[in-house]
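My entries follow in the order in which I looked things up.

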Amino acid sequence: MGKVTTVLGEGQTGFATTKFDALLGWARKFSLFQYPFVTACCGMEHMATAGPRYDVERFGAGAPRFSPRQSDLMWVVGTITQKQAPALKRIYEQMADPKYVIAFGTCASCGGFYDNYTTVPGIDKVIPVDVFIPGCPPRPEAVLDGLILLMEKIQNGDREPAVLPPQKIEPLVQLRAKQAQDAAKTAK
Ligand code: SF4
């Protein structure tokens, strides 16, 4: 897969070259039709991303399709049981190619705290996954970061599974540093 390179500056005329697959990747990443496979409590945060505050539509990935044949991005949101696994696989197989999968939350990514015989310990045991978003549940900001990560992967033609790294929320980092300082003072 190639990269898009800017060869013309503002006000310049002429022509620009690119590779067809790079152009296709650029177009695809802004035109994702999602199929929400929502089973559990993470669904609340999935809905939050669709609201005006987080507005997933800005990324061209807002419109849900309730037929897998019209979808190319499956969000697996929540716990997947062994009984649901065949249905998940079948729906994935019905989706249009090229298709992408996001594991939304800890349960979808690894089974979460349901360490038992009824729960699938991660949906990658059933279908391929492009991006894992940890969190129980992940905050909408993390969900959008995961979506942006997927968009970058689509642009670069990268189909290797990726895990969204932990977020550094600045006020939280400062708060924890202050708490550590206070605790050290109290201990003296
Ligand atoms: S990760 Fe947490 S919030 Fe999400 S489905 Fe599992 S238990 Fe519920």
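This is a predicted model: local features need pLDDT of at least 70, side-chain atom pairs count only at pLDDT 80 or more; totals for chains, interfaces and linings use all residues.

Leaving aside residues up to four places away in sequence, I found Phe 104 touching Cys 42, His 46, Trp 75, Val 76, Val 77, Ile 133, Pro 138 and Val 143.

I then looked up the core. The largest nonpolar core has 36 residues, and Phe 104 is among those that touch the most other members, along with Met 74, Val 76, Ile 102, Ala 103 and Ile 133. I noted the elements that give two or more residues to this core: E1, strand E2 (73–77), helix H3 (85–94), E3, helix H4 (106–110), E4 and H5. The largest share, seven residues, comes from H5. As a general remark, nonpolar side chains in soluble globular proteins tend to be buried together.

Next I traced the sheet. I recorded five strands in an open, parallel sheet with the order E1-E2-E3-E4-E5. Strand E1 (34–38) and strand E5 (162–163) each have a single partner strand, so one side of each is left without a neighbour in the sheet. Within the sheet, I checked strand E3 (residues 100–104) against strand E4 (residues 131–133) and found parallel pairing over three bridges. Ala 103 has Phe 132 in E4 as its bridge partner. Helix H5 (residues 140–156) lies across E3, E4 and E5, and runs at about 170° to E4.

I turned to Tyr 35, which lies in strand E1. Is Tyr 35 buried or exposed? I counted 23 C-beta neighbours inside 10 Å, so Tyr 35 is classed as buried. Apart from residues up to four places away in sequence, Tyr 35 touches Arg 65, Pro 68, Ser 71, Leu 73, Met 74 and Met 95. I also noted 9.5 Å between the C-alpha atoms of Tyr 35 and Ile 91, which are 56 residues apart along the chain.

For the ligand, I listed the surrounding residues: Ala 40, Cys 41, Cys 42, Gly 78, Thr 79, Gly 105, Thr 106, Cys 107, Gly 112, Cys 136 and Pro 137. I sorted this shell into six nonpolar and five polar residues, with no charged ones.

Last, I took the protein chain as a whole. I counted six helices and five strands, running α-β-α-β-α-β-α-β-α-β-α from the N terminus. Of the 188 residues, 30% are buried. Among contacts between residues at least 6 apart in sequence, 75% join residues at least 24 apart. Along the principal axes, the C-alpha atoms fill a box of roughly 70 × 50 × 30 Å.

Notes:
Residues are numbered from 1 along each chain as its sequence is written. Two strands pair if DSSP finds at least two bridges between them. Helices (H or I, at least four residues) and strands (E, at least two) are DSSP runs, numbered from the N terminus. Two residues are in contact if their C-beta atoms, placed from the backbone, lie within 7 Å. Axes are lines fitted to C-alpha atoms, for helices over the stretch in contact, and angles run from 0 to 180 degrees between N-to-C directions. A nonpolar core is a set of buried Ala, Val, Leu, Ile, Met, Phe, Trp, Tyr and Cys residues joined through C-beta atoms within 7 Å. A residue is buried if 20 or more other C-beta atoms lie within 10 Å of its own, exposed if 12 or fewer, and partly exposed in between; C-beta atoms are placed from the backbone. A residue is near a molecule or strand if its C-beta atom, placed from the backbone, lies within 6 Å of it. Ala, Val, Leu, Ile, Met, Phe, Trp, Tyr, Cys and Pro count as nonpolar, Asp, Glu, Lys and Arg as charged, and the others, Gly among them, as polar.
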